[in-house]
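Visitor: I'd like to learn how to read a structure like this one. Could you walk me through it?

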Number of protein chains: 2
Amino acid sequence: MANSASSARRAPVPVERCGAARALDVIGDRWTLLILREAFYGVTRFDDMRADMGIPRSVLTQRLARLVEHGLLTRVPYRDEGARARSGYALTAQGRALAPVILALMRWGDAHLAPDGPALAVTDRAGRPLKVALVAGDTPEVALRDVVLTPLV
Amino acid sequence: MANSASSARRAPVPVERCGAARALDVIGDRWTLLILREAFYGVTRFDDMRADMGIPRSVLTQRLARLVEHGLLTRVPYRDEGARARSGYALTAQGRALAPVILALMRWGDAHLAPDGPALAVTDRAGRPLKVALVAGDTPEVALRDVVLTPLV
């Protein structure tokens with residue numbers, strides 16, 4: 001996948017046919033990816049996401065609606081005692097399938113942008129380390145429900 | 001990593017300590033990720049990237065400078081016959097380490113947003129399929145130099 005700068009070269013597939021580019025049309029902005037990060041952490045409530053992310057209310061509303069529209073999040077009703085019913089947000093199967101993207105971002109950020117070390121350990125339920133990596137196609141995959149994130153701070 | 005919408009919950013680490021969030025501060029916009037996609041395809045020249053992506057010249061200039069500043073791309077001089085010397089752009093080791101992010105995006109986009117099927121096959125040099133996936137921490141990883149992308153169109 002490398003190339004010398006001295007030879008002209010174009011992408012092997014046009015951007016409109018590329019899976020990565022199509023993915024970026026749906027999730028390719030920082031707020032959207034941070035919302036998905038919250039969802040992977042199990043944060044479901046608008047106000048909790050807003051407090052975690054410091055995102056403007058109108059932006060969060062718009063991005064959540066877009067993620068629901070694209071089928072990555074689904075609305076889940078909840079009601080606190082004495083309060084009116086509200087909507088939380090949970091990942092759909094299609095949204096959960098983005099876990100490798102979020103965890104690959106985390107691994108890269110931890111390796112290259114965290115002089116103070118990673119903030120989270122990613123393990124299975126037995127405490128064995130996991131990673132997102134480029135591997136042979138027949139390698140067994142770990143299901144997201146078996147992933148445990150442990151704060152290291 | 002799941003949670004019921006009926007219980008309040010915050011992210012296990014604050015956003016400023018999270019590797020994924022730090023990564024998104026550097027690469028969390030659609031154009032930047034599309035530029036990295038070009039770089040993984042071995043496209044090194046400004047004009048080729050611009051033609052592939054349909055990106056405005058000023059935006060490409062700004063994003064490339066930022067990727068160089070953050071150490072993900074490096075300038076590589078080249079000179080076409082009879083023309084002046086110019087700069088191409090190639091991935092650094094830190095930039096190449098983002099391959100799992102791009103390939104995870106591609107896999108997800110191909111699975112969920114490509115009714116006409118994937119545009120590229122991702123294999124090793126022997127033609128064996130590869131994938132980016134969540135796996136045990138001791139799984140052997142495939143080096144980027146051994147990856148072959150074959151257009152399926």
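This is a predicted model: local features need pLDDT of at least 70, side-chain atom pairs count only at pLDDT 80 or more; totals for chains, interfaces and linings use all residues.

Visitor: In what order do the elements of chain A run from the N terminus on?

Guide: The order is α-α-α-α-β-β-α-α-β-β-β. As for dimensions, the C-alpha atoms of chain A fill a box of roughly 65 × 40 × 35 Å along the principal axes. Among contacts in chain A with a separation of 6 or more, 48% join residues 24 or more positions apart.

Visitor: How are the two copies related?

Guide: The general idea first: two copies of a chain are related by a rotation about an axis and a shift along it. Here, a rotation of 180 degrees with 0.0 Å of shift superposes chain A on chain B, at an RMSD of 0.0 Å. The copies are thus related as by a two-fold rotation axis. In chain A, the C-alpha nearest that axis belongs to A:D29, 2.3 Å away from it. The copies also meet through the same surface, because 100% of the interface residues of chain A are interface residues in chain B too.

Visitor: Next, burial. How much of chain A is buried?

Guide: Of the 153 residues in chain A, 52% are buried. Nonpolar side chains tend to be buried together in soluble globular proteins. In this model the largest nonpolar core has 94 residues, and those touching the most other members are A:I35, A:L36, A:Y41, B:I35, B:L36 and B:Y41. Take A:I35: leaving out residues up to four places away in sequence, its contacts include A:M49, A:M53, A:I55, A:L60 and A:L73.

Visitor: Which residues does A:M106 touch?

Guide: A:M106 sits in helix 6 of chain A, residues 99–113. Not counting residues up to four places away in sequence, A:M106 touches A:Y41, A:L120 and A:V122, plus B:G19 and B:A20 from the other chain. Buried means under 20% relative accessible area, so A:M106, at 3%, counts as buried. A:M106 and A:V132 are 26 residues apart in sequence, with their C-alpha atoms 9.4 Å apart.

Visitor: Now a loop. Is A:T44 buried or exposed?

Guide: Buried, with a relative accessible area of 4%. A:T44 is in the loop between helix 2 and helix 3 (46–53) of chain A. From A:T44 to A:V76 the sequence separation is 32 residues, and the C-alpha distance is 8.5 Å.

Visitor: And A:A126, buried or exposed?

Guide: The relative accessibility of A:A126 is 55%, so A:A126 counts as exposed. A:A126 lies in the loop between strand 3 (120–123) and strand 4 (130–136) of chain A. A:A126 and A:G54 are 72 residues apart in sequence and 34 Å apart, C-alpha to C-alpha.

Visitor: What about the exposed area and the charges?

Guide: Chain A exposes about 6,900 Å², and carbon and sulfur atoms supply 52% of that area. Chain A has 21 positive and 16 negative side chains, and the centres of the two sets lie 4 Å apart.

Definitions and conventions. Residues are numbered from 1 along each chain as its sequence is written. Chains are lettered from A and ligands numbered from 1 in the order in which they are written. Side-chain values use heavy atoms; hydrogens and water are left out. A nonpolar core is a set of buried Ala, Val, Leu, Ile, Met, Phe, Trp, Tyr and Cys residues joined through side-chain atoms within 4.5 Å. Buried means under 20% relative accessible area, exposed over 50%, partly exposed in between (1.4 Å probe, protein chains only). Contact means heavy atoms within 4.5 Å. Copies are superposed by least squares on the C-alpha atoms of residues with pLDDT of at least 70 in both. Helices (H or I, at least four residues) and strands (E, at least two) are DSSP runs, numbered from the N terminus. Accessible areas come from the Shrake-Rupley method with a 1.4 Å probe; for residues, only the protein chains shown count as cover. Lys and Arg count as positive and Asp and Glu as negative; His and the chain ends are not counted. The place of a charge is taken as NZ of Lys, CZ of Arg, CG of Asp or CD of Glu.
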